[in-house]
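Please take a moment to look over the sequence and the fold before reading on.

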Amino acid sequence: MLNDKDIDALTSLGLTILQARVYLALTHIEKATIKSIAKNANIARQDIYRLTNELQKIGIIEKIISTPAQYKAIPLEDGIKILLQRKNKENSEAQKKAIDMIMTAEIIPSRIINLHFLMVCRIYCVEFSGT
């Protein structure tokens with residue numbers, strides 16, 4: 001059910017290995033209790049409480065109000081879109097910070113040539129992020 005290729009794909013999108021295992025386990029089950037998730041993901045039950053909370057905050061699983069509480073994953077395609085958007089936002093912010101750091105560093109003659117390139121990158125970052 002849980003294969004390394006899928007786990008690697010999700011970790012490259014920003015999830016931890018344990019988060020990826022929980023999410024994948026839930027994508028294979030319509031809805032599940034903490035106990036069932038722990039069994040299917042092969043993760044200790046006490047860790048599942050923390051992991052389901054983290055995945056809810058990310059927005060890729062939902063808690064179903066019932067007794068006992070149950071959880072369900074949003075569809076895999078939608079989950080991947082959310083993770084990609086999150087990763088793109090992080091990359092864009094990191095790129096802006098790196099450019100700002102370079103722009104505010106002491107300018108020496110060898111760097112003057114690169115200023116045009118940096119300004120083009122800065123404009124691209126702003127246009128790409130939509131801000």
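**From the whole chain to its parts**

Residues 24 or more positions apart account for 48% of the contacts in the chain, counted among contacts with a separation of 6 or more, where contact means heavy atoms within 4.5 Å. This is a predicted model, in which local features need pLDDT of at least 70 and side-chain atom pairs count only at pLDDT 80 or more, while totals for chains, interfaces and linings use all residues. Residues are numbered from 1 along each chain as its sequence is written, and side-chain values use heavy atoms, with hydrogens and water left out.

The chain has 6 helices and 3 strands, and from the N terminus on these elements follow the order α-α-β-α-α-β-β-α-α. Helices (H or I, at least four residues) and strands (E, at least two) are DSSP runs, numbered from the N terminus. Of the 131 residues of the chain, 28% count as buried; here buried means under 20% relative accessible area, exposed means over 50%, and partly exposed lies in between, with a 1.4 Å probe and protein chains only.

Helix H1 (residues 4–12) packs against helix H2 (residues 17–27) at an angle of about 120°, with the two axes 9 Å apart. Axes are lines fitted to C-alpha atoms, for helices over the stretch in contact, and angles run from 0 to 180 degrees between N-to-C directions. H1 and H2 are therefore oblique to each other, since angles under 35 degrees count as roughly parallel, over 145 as roughly antiparallel, 65 to 115 as roughly perpendicular and the rest as oblique. On the H1 side the contact involves Asp6, Ile7, Leu10 and Thr11, which meet Ile17, Ala20, Arg21, Tyr23 and Leu24 in H2. The residues of this contact of H1 with H2 divide into 6 nonpolar, 1 polar and 2 charged, where Ala, Val, Leu, Ile, Met, Phe, Trp, Tyr, Cys and Pro count as nonpolar, Asp, Glu, Lys and Arg as charged, and the others, Gly among them, as polar.

H2 also packs against two further helices. With H3, H2 makes an angle of about 105°, their axes lying 9 Å apart, and H2 and H3 are therefore roughly perpendicular to each other. Arg21, Val22, Ala25 and Leu26 of H2 make this contact with Ile37, Asn40 and Ala41 of H3, and the residues of the contact of H2 with H3 divide into 5 nonpolar, 1 polar and 1 charged. With helix H4 (residues 45–58), H2 packs at an angle of about 80°, the axes being 10 Å apart, and that makes H2 roughly perpendicular to H4. Here Leu18, Gln19, Val22 and Tyr23 in H2 meet Ile48, Arg50, Leu51, Thr52, Glu54, Leu55 and Ile58 in H4, a contact of H2 with H4 whose residues divide into 7 nonpolar, 2 polar and 2 charged.

The buried residues of H5 are Gly79, Leu83, Ser92 and Ile99. Gly79 has 0% relative accessibility, and, not counting residues up to four places away in sequence, Gly79 touches Tyr23, Ile60 and Ile74. Gly79 and Tyr23 are 56 residues apart in sequence, yet 9.1 Å apart in space, C-alpha to C-alpha.

Another residue of H5, Glu90, counts as partly exposed at 38% relative accessibility. Glu90 and Gly14 are 76 residues apart in sequence and 9.9 Å apart in space, C-alpha to C-alpha. Gly14 itself lies in the loop between H1 and H2 and is partly exposed, with a relative accessible area of 36%. Gly14 touches Gln19 and Lys87, again not counting residues up to four places away in sequence.

Two details of the backbone in the loops complete the tour. Asn42, in the loop between helix H3 (34–41) and H4, has a phi near 55°, a positive value in a residue other than glycine, and Asn42 is exposed, with a relative accessible area of 63%. In the loop between strand S2 (61–64) and strand S3 (70–73) sits Pro68, which a cis peptide bond joins to Thr67, with omega about -5°.
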